[in-house]
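Thanks for coming. I have one item today, on how two parts of a chain meet, and I will keep it short.

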Amino acid sequence: MQVAIAGWGTALPKGRITNTDLEARVETSDEWIVERTGIRERRIAGEDESTATLATAAGRAALESAGITAADVDFMVIATATPEQPIPHTGAFVGDALGLTCGSFDMNVGCAGFIYGLVTGSSWLVTSGYRNVLVIGAETLTRVVDPRDRGTCILFGDGAAAVVLQPSGPDGGAVLGWDMGVDGSAHGLIGIPAGGSRLPATPDTIDDGLQFIKMQGQEVFRRAVRAVVSSVERALERAGITADDVDWFIPHQANLRIIEAAAQRLGIDPDRTIVNIEWFGNTSAASIPLAMAQAADAGRIRDGDVILMSGFGAGMAWGSAVVRWGRP
Ligand code: UT7
């Protein structure tokens, strides 16, 4: 049995932060940000928005796109590093808003999260008899970014995107191969130090800004290109294809220079690479499905196209998946 992406949807807050806005807050410049990252603006959730509201809107759009209702959903996975709150999981809020009573859980694998959700959801369809699994990547990273830290506040943005996975016939879409891994020895490179069991939040941790994301950007950059290239090679091998067979490379949108370096090493032309980082920045677990859904809506991705997705980030975790586009 194959598994196809039967529907998709996105949700973006209306609020925007431009590079010019950031120039007024930290010592940076539009020129530096564009040259070093490729980003011009990112979205920011408003007061009445959160990870769950964005996930709900993206999930609803994906259900509509797949032509199903909440009652049809057998399971929901939410990939997020910025959950609605520590307890309960974001899926409880989203399930309530969508009218779901099926099982759900959150998956926190940073920027690789959507790939993990896609693989998990696909596996269930094959093994459990489920007919519809909703996989959502949703983030409100602007809520955990230190507005005074120019190394991170220029990068991250908010957004969500969702897919409905369904069993598929031989001519429909298919998940052809994947690869996932974590080098936990690098857990210190990206993270939020306080607020968990290791270092519970106290007035002191707040004073020290340990509720904010900390990142060793240069080292993450160096490892990211290597991680993407080797993970992609393993996923392609499992799918039984080479980079030449890939119609669209949809990388995690972390930094344009990382995307270009990885694509070049893989031998994938820029015109086969989907990039939206200019307008949305790094939306972590939402970044790959957001770029994919926008490309599909724009008519760039067509039935039968082979799509290669790859994400990496906190952990350091990585994940790649090869998908043949097409409804079931
Ligand atoms: O999705 C999770 C994975 N995360 C990533 O993939 C992030 C990967 N890393 C990056 O994207 C890049 O490392 C950054 C964009 C974060 C930083 O770019 P970089 O080219 O690695 O800069 P750098 O850290 O090597 O800094 C170069 C210079 C430094 O100044 P000096 O020491 O040479 O005088 C920094 O202080 O640029 C300075 N700098 C800035 N200048 C203006 C750092 N951030 C900024 C800034 N504006 N925002």
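**The contact between the two domains**

Between domain 1 and domain 2, the count of salt bridges is one. It pairs R40 with E278, and the closest N and O atoms there are 2.7 Å apart. Please keep in mind that this is a predicted model.

Now the side of domain 1 that touches domain 2. Which elements supply at least two residues each to that side? There are strands and helices on the list: β1 (2-11), β3 (41-44), β6 (133-140) and β7 (158-168), together with α2 (30-37) and α5 (113-128). The largest share comes from α5, with eight residues. Sorted by class, that side of domain 1 has 25 nonpolar residues, 14 polar ones and 11 charged ones.

Let me step back to the whole chain. Domain 1 covers 2-168, and domain 2 covers 174-324. Their C-alpha centres lie 14 Å apart.

How many residues are in contact across the boundary? On the domain 1 side the number is 50, and these touch 46 residues of domain 2. The two domains bury about 3800 Å² between them. Of that area, 69% is on carbon and sulfur atoms.

How values were computed:
Residues numbered from 1 in each chain as written. Predicted model: local features only at pLDDT ≥ 70, side-chain atom pairs only at ≥ 80, totals over all residues. Heavy atoms only, no water. Domains from an automatic or database assignment. Contact = heavy atoms within 4.5 Å. Buried area = accessible area lost by both parts, 1.4 Å probe. Salt bridge = Lys/Arg side-chain N within 4 Å of Asp/Glu carboxyl O. Helix = DSSP H or I, 4+ residues; strand = E, 2+ residues; numbered from the N terminus. Nonpolar A, V, L, I, M, F, W, Y, C, P; charged D, E, K, R; others polar.
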